[in-house]
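Hi,

Here is the structure I promised to pass on. Have a look, and my notes on the packing follow below.

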Amino acid sequence: MAFVEGLRAQKRLFWWLILLSLGVLGLYMYGMQIVRHLEVLFPMDICPLDKMYLMRDNFTGFLQLWARTEVLTCTSWGAPIIWDGTFDPDVAQRKTRQQNLTIGLTVFAVGRYLEKYLAGFLETAEQHFMAGQRVVYYVFTDLPAAVPHVALGPGRSLRVERVARERRWQDVSMGRMRTLSKALRGRLGLEAHFVLCMDVDQRFTGPFGPETLAESVAQLHSWHYRWPRWLLPYERDARSAAALAPDEGDFYYHAAVFGGSVALLRRLTAQCARAVRRDRARGVEARWHDESHLNKFFWLHKPAKVLSPEFCWSPELGARPEIRHPRLLWEPKEYRAVRN
């Protein structure tokens, strides 16, 4: 076993040296885009066999991690990484109905983000998000009267919560944790058992079901899931509460999707909101705003479940063999239009 692991480590080192050399050459000649095509040459880690047959949770039963041996299906702390083919969606649906749960989905649609993205987000959510389950949508917006009417199925409801318009889009991003913390201590926390928090500039394209639920859930960032830790865009300014040292961090998580139980999310949002306030008091702003603080939280408090990039994919990356059925796609980023 040790001999096989040694060969695997040497193989990874060889491919990283090749990738690094080609990447530097590509950056010099053609710019960053070439690196995105080269990164697929590097083989991903795989889950040890002794872990593959043991993982289960309250929503999926036993996971079939051996069904996807070409990708990493577990973490070093024993949490599953959910890929298409590793779970039975029918079992997940049945187990969730047996628990009589209400699932919350929160989304912020402030300023032009509402006009540009909210209708598409909600309409596709009605088609694909937790189909057959009891769902409550929470839309946080500065324009409640402009929220579009979307026909909802049985057992599904929508709440609209007013938030103040911020001067900068960065303040909207960093204020999200504070707003969610308050909502989770109020009505949202009383009527939902589990909550998923998402960005509005996305659309559902496939089933997004109870297999995504757990005590705490993190989403692998589709632009960074193949990169080594030293290349991940963690906050490095030691003055920031979000800072991670060079030897810290597991994966890079995307703030476009995160969630968990109400109790866990109360802790997460309150801790991130405090960290943002502390940074402001010091005159510091984390590079990736609330996402930087989210990554710090998940480094300190490991997620119970990690979602593969299939659950939040960027079409700009094109087709990849390991991305079989994307569930949620980024919409085109028109920052000049929506952040002005």
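To start with the rings: how many aromatic pairs does the count come to? In this predicted model, the count comes to 15 aromatic pairs.

One of them joins Phe129 and Phe208, with 6.0 Å centre to centre and 35° between the planes, so it goes down as tilted. Phe129 sits in the loop between helix 5 and strand 5 (134-141), while Phe208 is in the loop between strand 8 (202-204) and strand 9 (216-220), so this pair ties together parts 79 residues apart in sequence. Both Phe129 and Phe208 are buried.

Then there's Phe297 with Phe298: their ring centres are 5.8 Å apart and the planes are at 75°, so that pair is edge-to-face. Phe297 is buried at a relative accessible area of 1%, and Phe298 is buried at 0%. Ring pairs also link these two with Trp77, Phe251 and Tyr253 into a cluster. Over the face of Trp77 lies Lys302, 5.4 Å from the ring centre.

On to the nonpolar packing. The largest nonpolar core has 84 residues, and Phe129, Met198, Phe208 and Leu268 have the most contacts inside it. Helix 5 (residues 112-128) gives the most to this core, with seven residues. A second, separate core has six residues, including Trp16, Tyr234, Leu244 and Tyr252.

Last, the cysteines: the disulfide count comes to zero. Cys197 is buried, at 1% relative accessible area, and Cys272 is buried too, at 2%.

Cheers

How values were computed: Residues are numbered from 1 along each chain as its sequence is written. This is a predicted model: local features need pLDDT of at least 70, side-chain atom pairs count only at pLDDT 80 or more; totals for chains, interfaces and linings use all residues. Side-chain values use heavy atoms; hydrogens and water are left out. A nonpolar core is a set of buried Ala, Val, Leu, Ile, Met, Phe, Trp, Tyr and Cys residues joined through side-chain atoms within 4.5 Å. Buried means under 20% relative accessible area, exposed over 50%, partly exposed in between (1.4 Å probe, protein chains only). Helices (H or I, at least four residues) and strands (E, at least two) are DSSP runs, numbered from the N terminus. A disulfide is a pair of cysteine sulfur atoms within 2.5 Å. Rings of Phe, Tyr and Trp (its six-membered ring) pair if their centres lie within 6.5 Å; planes under 30 degrees apart count as stacked, over 60 as edge-to-face and the rest as tilted. A charge sits over a ring if NZ of Lys or CZ of Arg is within 6 Å of the ring centre and within 35 degrees of the ring normal.
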